[in-house]
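This report goes through a structural model, with attention to charged side-chain pairs and to strand pairing. Please read it beside the sequence and the coordinates.

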Amino acid sequence: MAKQLSRDQQGITLRGSAEIVAEFFSYGINSILYQRGIYPPETFTRVQKYGLTLLVTTDPDLKNYLNNVVEQMKEWLYKCIVQRLVVVISSIENNEVLERWQFDIECDKAAKDESAPREKSQKAIQDEIRSVIRQITATVTFLPLLETACAFDLLIYTDKDLAVPEKWEESGPQFIANSEEVRLRSFTTTIHKVNSMVAYKKDSFP
Amino acid sequence: MAQFVFEADLHGLLKLDTPIPNAPPARWQRKAKESGAPGPSPAAGLSPMKPANRSHSSSKTPSRTPGKSGSKIQSTPTKAGGDRYIPNRSTMQMEMANFLLTKENDSAEESPTKKEQQKAWAVNLNGFDIEEAKILRLSGKPQNAPEGYQNNLKVLYSQKITPGSSRKNGRYIPSMPDRILDAPEIRNDYYLNLIDWSSQNFLAVALDNSVYLWNHTSGEIIQLLQMEHPDEYACSVSWITGGNYLAIGTSNAEVQLWDVQQQKRLRNMTSHSSRVGSLSWNSYILSSGARTGHIHHHDVRVAEHHVATLAGHTQEVCGLKWSPDGRYLASGGNDNLVNIWPCTQGDSGDFAPVQTFTQHQGAVKAVAWCPWQSNVLATGGGTSDRHIRIWNVCSGTCLSAVDAHSQVCSILWSTNYKELISGHGFAQNQLVIWKYPTMAKVTELRGHTARVLNLTMSPDGVTVASAAADETLRLWRCFEMDPIKKKEKEKANSAKSSIIHQGIR
């Protein structure tokens, strides 16, 4: 009991913040894949996180793929060299980009030098993350239907001088031609701030 | 002899070896004349065109002049010579123009300040210097869903007819409503609870800023009240168990209590700060849920009516129901949570939920307790969720979950047949009857042309009234008891009481 209390009172370190944000991305991407129907809903299982019931995939290949990305993100977040994570949803047949979920990351570089942890309760951060994930779920009501089978891609914007690790390659931004944008809530751990927004292709008919 | 003269003249003209007698002076002759007069030569130099023109035109008229010196020189214009289209070419900078047109597009020509400005704009718009960012993508084939998988959402929103149950149900359920009542101006708001049926067989309906009572036995309609301001509206109605008092929640955060026999307002209880969308009675305690997410308990017997506050939701409380035994209060909100509250406070003096269910992915408005099994609760989720879930509130487990394929607005239990009835929205606006506990679909009742908003049941448990956005109330006689079976039930009830009496003796 005492140990738990002290952990709550402990502030946020740079490593802790990187973990929180990387975890959020993992659950956030899983939620997007479930809500937008990219993968069959039967392949998702429920877990409790942030005081919500979230759906994560059970498909081993997909899990592996996401884990690789999340691990890499954690490292880059710790070094404060990642600026943006984008989930691109495109149609399989003609590779047209239909939806683009963009998460901007602002990193407080001063935290690298400080050794003292920052003051912010885990609960407050959890509440903020919970609101963002709920908003992702709620977007189903206004995002246009994805008529065709879709595939997703993950893009990460990093500093220019970063050495490209193996398994990664350079890519273009994959913007949507005629898009409508909606800003979602943001959350901050006092070291990292994450702003979310979704851009989708405007319907062609008037 | 005259013709010979003519012939001689002709021959003379055609011959080219003799000088022409009447020809204009040749250029070199003219020039010789001019050089003798040096004064006019600068003037001549300034406007070289004029004499050139003259000589040009003059040399043209005789078509066959040899003009080796004259016309040949004049026909070639000088460097700055003009023509009919551009008379004066000296004002044009031909060399400069040519250079500018043909030089390569060199962006290095941009001034450094302009570059700085562009960079500042880019940083402003993107949040960071996009020139400096590298975009990386995990290589390898993107993970694809298995072949033949069709996006589920599309199937959901384009369905026409849901496959009905194959097994024929035992009884006859009329597919048409028993009665259709007009409900003009009914508010098409998912979060409100606008109808309730009393134990005295009065159906209360809130239509925008008025509340009407409809007597089921006589068919009479009474307008109970009209709000003072045209902008205010009634958000929820709930009858007390006895059926003589009606509680009304309003858009200006009041909870009014009316005596329907005298058609008078008894109390106006204010304690909320936003509209009161849900109400539920537990003997003398009236619970109200508001848009802020707070639930207040009101003791209607005392002046200080606000006896407790339950803070468990962060968004509008749209579903609120006390259990039949009065031990638990179930609340559902727009924040997708279902909270189960005890009837008494905990040790700290605050009310805390004994259970919180987070499995719904949409707003929970449909909340209903099972009348014959204690601690069993049914809940239904909104558009994002579309599931009906059955819970055991003591253990906190979800006993079963069914996908209803459509927004669930209300659920009712039927004691007569151990069934559930649920009201839905897009696309079919139907009422579905499910068999409990198998959750097999018994039948679907169609008829509404817009989404169903609320359901309520008659005191005899036979008729269900549904209010929908198409401004009608439909009464469905779906739980009609077979008269033979009814008699058996009554006999069983009376037999039980006689045994008890004998035992006491």
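## Conventions

The model is predicted, so local features need pLDDT of at least 70 and side-chain atom pairs count only at pLDDT 80 or more, while totals for chains, interfaces and linings use all residues. Residues are numbered from 1 along each chain as its sequence is written, chains are lettered from A and ligands numbered from 1 in the order in which they are written, and side-chain values use heavy atoms, with hydrogens and water left out.

## Chain B overall

Chain B contains 9 helices and 29 strands. These elements are DSSP runs numbered from the N terminus: H or I with at least four residues for helices, E with at least two for strands. Of its 505 residues, 44% count as buried. Buried stands for under 20% relative accessible area, exposed for over 50%, and partly exposed for values in between (1.4 Å probe, protein chains only). The accessible surface of chain B is about 28,700 Å², and 54% of that belongs to carbon and sulfur atoms. Such areas come from the Shrake-Rupley method with a 1.4 Å probe, and for residues only the protein chains shown count as cover. Among contacts in chain B with a separation of 6 or more, 45% are between residues 24 or more positions apart. A contact requires heavy atoms within 4.5 Å.

## Salt bridges

Over all chains, the whole structure holds 20 salt bridges. The criterion is a side-chain nitrogen of Lys or Arg within 4 Å of a carboxyl oxygen of Asp or Glu.

| Pair | N to O distance |
|---|---|
| A:K74 and A:E71 | 3.8 Å |
| B:R275 and B:D189 | 2.9 Å |
| B:R446 and B:E444 | 2.9 Å |

The pair B:R275 and B:D189 links distant parts of the chain, 86 residues apart. B:R275 sits in the loop between β10 (264-270) and β11 (276-282) of chain B, and B:D189 in the loop between β2 (179-182) and β3 (195-197). Both residues are buried; B:D189 has 17% relative accessibility. Apart from neighbours within four places in sequence, B:D189 is in contact with B:R275, B:R451 and B:L453. The B:D189 and B:R275 side chains also make a polar contact at 2.9 Å. That term covers a pair of N or O atoms within 3.5 Å; within protein, one must be able to donate a hydrogen and the other to accept it, and residues adjacent in sequence count only if both atoms are side-chain atoms. A network of salt bridges links B:D189, B:R275, B:R291 and B:E316.

The chain A pair lies within helix α3 (residues 60-79), where A:K74 and A:E71 are 3 residues apart, about one turn of the helix. A:K74 is partly exposed at 26% relative accessible area, and A:E71 is partly exposed at 47%. In the remaining table entry, B:R446 is partly exposed at 34%, whereas B:E444 is buried at 12%.

In strand β28 (residues 463-468) of chain B, 6 of the 6 residues are buried, so the strand is largely enclosed by the rest of the structure. In a regular strand the side chains alternate between the two faces of the sheet. Here B:T463, B:A465 and B:A467 point one way, B:V464, B:S466 and B:A468 the other way.

Strand β27 (residues 452-457) runs antiparallel to β28(B) and is joined to it by 5 bridges. Strands count as paired if DSSP finds at least two bridges between them. B:M457 stands opposite B:V464. The hairpin of β27(B) and β28(B) has 5 residues between the strands, and B:G461 takes a positive phi near 75° there.

β28(B) is also joined by 5 bridges to strand β29 (residues 472-477), again antiparallel. In β29(B), B:R477 is the bridge partner of B:T463. This second hairpin has 3 residues between the strands, and B:E471 takes a positive phi near 60°.

## The β3-β4-β5-β6 sheet

An open sheet of 4 strands in chain B has the order β3-β4-β5-β6, with antiparallel pairing. β3 and β6 (221-226) stand at the edges with a single partner strand each, so one side of each is left without a neighbour in the sheet. Strand β5 (residues 210-215) and β6(B) pair over 5 bridges, with B:L213 opposite B:I222.
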